[in-house]
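User: I would like to learn how to read a structure, feature by feature. Can you take me through one?

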Amino acid sequence: MFKESGKNPQLDMFSSPSGMLRGSSLKDYLKNDSWHNIFLEHVVARVNEDIFKVLYSSDNGTPNAPVSH
């Protein structure tokens with residue numbers, strides 16, 4: 001079964017990286033100009049997930065995992 005990613009994905013409280021970071025590591029993680037945030041915005045968020053629908057059965061198996069978390 002194909003499951004499209006949400007447009008504004010939100011992590012649950014048990015898997016949030018910001019909950020595990022402190023001090024300068026947390027500041028670096030939250031900066032908009034950090035490499036991982038730039039990569040998320042310009043690469044991961046632009047993946048057209050619809051092209052992968054054909055790989056998933058609509059009545060058998062587990063749904064796919066969204067690209068962006």
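User: Is Asn 48 buried, partly exposed or exposed?

Analyst: This is a predicted model, so keep that in mind throughout. Relative accessible area sorts residues: under 20% is buried, over 50% is exposed, and partly exposed lies in between. Asn 48 has a relative accessible area of 44%, so Asn 48 is partly exposed.

User: Where is Asn 48 found?

Analyst: Asn 48 sits in the segment after helix 2. The protein has two helices and zero strands.

User: What does the side chain of Asn 48 reach?

Analyst: The backbone nitrogen of Asp 50, at 3.1 Å. Asn 48 and Glu 4 are 44 residues apart in sequence, yet their C-alpha atoms are 9.7 Å apart in space.

User: What share of contacts joins residues at least 24 apart?

Analyst: Take the contacts between residues at least 6 apart in sequence. Of these, 57% join residues at least 24 apart.

User: Now charges. How many salt bridges does the structure hold?

Analyst: Start with the general idea. Side chains of opposite charge can pair when their charged atoms come close. Here the structure holds one salt bridge. The side chains of Lys 31 and Asp 28 form it, at 3.9 Å from N to O. The cut-off for a salt bridge is 4 Å, so a distance of 3.9 Å falls within it.

User: Are Lys 31 and Asp 28 buried, partly exposed or exposed?

Analyst: Lys 31 is partly exposed, with a relative accessible area of 40%. Asp 28 is also partly exposed, at 42%.

User: Which residues form the nonpolar patch on the surface?

Analyst: A patch takes residues with over 30% relative accessible area. In this protein, Val 47, Ile 51, Phe 52, Val 54, Leu 55 and Tyr 56 form a nonpolar patch on the surface. Together they have about 590 Å² of accessible area. Take Phe 52 as one of them. Phe 52 lies in the segment after helix 2, which spans 35–42. Its relative accessible area is 36%, so Phe 52 is partly exposed.

User: Last, the whole protein. What percentage of the residues is buried?

Analyst: Buried residues make up 12% of the 69 residues. The protein exposes about 6,000 Å². Carbon and sulfur atoms supply 56% of that area.

Conventions:
Residues are numbered from 1 along each chain as its sequence is written. This is a predicted model: local features need pLDDT of at least 70, side-chain atom pairs count only at pLDDT 80 or more; totals for chains, interfaces and linings use all residues. Side-chain values use heavy atoms; hydrogens and water are left out. Patches are made of residues with over 30% relative accessible area and no salt bridge: like charges are joined within 9 Å, nonpolar side chains (Val, Leu, Ile, Met, Phe, Trp, Tyr) within 5 Å. Accessible areas come from the Shrake-Rupley method with a 1.4 Å probe; for residues, only the protein chains shown count as cover. Helices (H or I, at least four residues) and strands (E, at least two) are DSSP runs, numbered from the N terminus. Buried means under 20% relative accessible area, exposed over 50%, partly exposed in between (1.4 Å probe, protein chains only). Contact means heavy atoms within 4.5 Å. A polar contact is a pair of N or O atoms within 3.5 Å; within protein, one must be able to donate a hydrogen and the other to accept it, and residues adjacent in sequence count only if both atoms are side-chain atoms.
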